Amino acid sequence: MNMHSHGGARKGAGRKKNSGSFKEETKVLRVPISLVDSITPSIEMYKSQIKSGVEVLLTKNNATELLIPIFTSRVQAGFPSPADDHLEDTLDLNTHLIHHQEATFFVKAQGDSMIGAGIHQGDILIVDKSLTPKSGKIVIAVVDGEFTVKRLHKYKGNITLKAENPEFENIKIRGTDELIIWGVVTSVIHQYD
Amino acid sequence: MTSRAKFALVDCNNFYASCERVFEPKLEGRPIVVLSNNDGCIIARSNEAKALGIKMGVPYFKVRDLIVRNGVVVKSSNYPLYGDMSSRVMRVISQYSPIQEVYSIDESFIDLAGLPFHLRNHMQSLRQKVKSWTGVPVCVGIGSTKVLAKLANRIAKKYIKFNGVFDIDELPYERYCKLLQSVEVVDLWGIGRQSARKLNRIGISSSYDFYQADIGVIETLLGVNGKKVYQELYGNSCVPIESIPPTRQQIVSSRSFGSDLKDFHELNQALTSLARKAVNKLNDHKLATTTITVFIYTNPHKKNKTCIHLSKTVGMTTAIQDESQLIPLIAKILKLIYKPGYSFYKGGIVLSNLVKNYPQQDLFLTNEDNQRKIDSTNKSNAIRSVNKRFNESLKYASEVGNDKWKPRADFRSNRYTTSWTELLVI
């Protein structure tokens, strides 16, 4: 039924399909304002990639940074990986070894007075300053202004800093000594040569 | 009136000296001073050093005798250490209030309004936690405005009997007036030297004079900011907490050189190194720059020599965000301003008109140019990652030289918390 023989849209008028900067169909998308800053650079980069015809490799600056996988959308061929549903975070030693980030310090061990506790010369100790020093814990202590690493023993009000090597003397704390427990050693990192 | 505002100012006690003591406990009780970049002036003192009469900002050489005679411990400033310790302290503080403003490297305002705690006990527990987690001692001032909280902090620091926490709103009116009489107006938060001079001229010298003055006089003299301080002294909160730091307006990277530089290449070497520092900051804040200033000075304190101050600012059509573009530009600008025959003692660069670093399209560039730009960004990123991991081992050619420019830091302690090779050894 030809109601009108003129007027309306003319065939072939307007912008050609897929002629924009992306060379493919585009879609309008609602994006939360807070994400605009993180999404725009990827789109801009994709644009310049198409324009120059060369694939851009992103260098990842920060391991915790989330990259929006816009580049993967072009890969459509092939079977989906059967492991896709089972993807989990990779293991992060930081979360395993550090529980109070603000209070955790690394120090280097010197000497072998604690060899029985597995602390060797040059090992790195992970020290948590936030923990209460209980009897039996390995601690970083400050005796009269000097640092030492020893096992803390408290018994009936007597405090002893015990070495874990028979060749070393224990330190008995007398009333006049000034003792500060600087932190509690939670792990030791021993690297083999 | 809405529910009463309540703020706390948490301030670290002699922050730089305290950081040094965390890793050198035998310095406890001994006088310590910390020197500025290039070991020039005294920028921080422990209580013991203050008691000896060593003033803030004096050149080190002027008090060297006093320092040696009294066994004062001298430290070059160790900003990597102070910065890391600061962020630890700030994160612990943030556990005590949902709203926090990090005001400076060692001060933080927090909002206490509506918290269901006994505030003084809450702040005592903050104090203990910061001390036990980081080793840094802090004092807390509480008040219904920021100006009052700052004032309260002074009291908390000054009088041991308050145990480091003081709430100024608990002070009876007469005692409050007495307190204001004992504080000079220049020591109020928000009153600068310039404003104080204006106030002194009309006979206002103590905070109490200021408090008793007419609000109209204050406003005409100091404008709206002075009026805000005035009203805050009366307990009306006018300055809210800024929990989101404002975006940076400019990045400055400058140094006094370790020794005076005459040679163009030595200057260029120093500026290249400073440029890389500035670009790192630029990238940390995800910004790019469109305006670059390069400046070099001769020493204004030297007698019988004319002091010259050379600088040039250049604007660009596209924003720059990586050093491979910036470094050649800086060399070009330096070539324009450099004059032979002078000894330059300080220099630096300023990046301004900062914009978000979206990859920008330059209309006048061809595809190849664009590609080259992308390549250079990738290259710079790679260099930066290598340097982060391997302790500044990659350098630009213009950076290599005799290191004469490097600022002096003869008494720097280790970067205990940011460098694997400088850990505390026990």
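In the predicted model, helix α13 (residues 367–389) of chain B comprises 23 residues and spans 33 Å from its first C-alpha to its last, close to the 33 Å expected at 1.5 Å a residue. The expected span is 1.5 Å times one less than the number of residues. Helices (H or I, at least four residues) and strands (E, at least two) are DSSP runs, numbered from the N terminus. The buried residues of α13(B) include Asn370(B), Gln371(B), Lys373(B), Ile374(B) and Arg384(B), where buried means under 20% relative accessible area (1.4 Å probe, protein chains only).

Residues are numbered from 1 along each chain as its sequence is written, and chains are lettered from A in the order in which they are written. Local features need pLDDT of at least 70, side-chain atom pairs count only at pLDDT 80 or more, and totals for chains, interfaces and linings use all residues, while side-chain values use heavy atoms, with hydrogens and water left out.

Helix α6 (residues 146–158) of chain B packs against helix α10 (residues 215–233) of chain B at an angle of about 65 degrees, with the axes 7 Å apart. Axes are lines fitted to C-alpha atoms, for helices over the stretch in contact, and angles run from 0 to 180 degrees between N-to-C directions. α6(B) and α10(B) are therefore roughly perpendicular to each other, a term covering angles of 65 to 115 degrees. Lys146(B), Val147(B), Leu148(B) and Leu151(B) of α6(B) meet Val229(B), Glu232(B) and Leu233(B) of α10(B), contact being heavy atoms within 4.5 Å. Of the residues in this contact, five are nonpolar, none is polar and two are charged.

Strand β6 (residues 107–111) of chain B has five of its five residues buried, so β6(B) is largely enclosed by the rest of the structure. Glu107(B), Phe109(B) and Asp111(B) are buried on one side, and Ser108(B) and Ile110(B) on the other. Strand β1 (residues 7–12) of chain B runs antiparallel to β6(B), joined by five bridges; Ala8(B) lies opposite Ile110(B). Strand β5 (residues 100–104) of chain B is also antiparallel to β6(B), through four bridges, with Val102(B) partnered by Ser108(B). A hairpin of two residues connects β5(B) to β6(B). Strands pair if DSSP finds at least two bridges between them.

An open sheet of three strands in chain B has the order β3-β2-β4 and mixed pairing. Its edge strands are β3 (42–45) and β4 (73–76), and the twist averages 30 degrees from one strand to the next. Strand β2 (residues 32–35) of chain B pairs with β4(B) in the parallel sense over four bridges, and Ser76(B) is the bridge partner of Leu35(B).

Terms used. Angles under 35 degrees count as roughly parallel, over 145 as roughly antiparallel, 65 to 115 as roughly perpendicular and the rest as oblique. Ala, Val, Leu, Ile, Met, Phe, Trp, Tyr, Cys and Pro count as nonpolar, Asp, Glu, Lys and Arg as charged, and the others, Gly among them, as polar. Buried means under 20% relative accessible area, exposed over 50%, partly exposed in between (1.4 Å probe, protein chains only).
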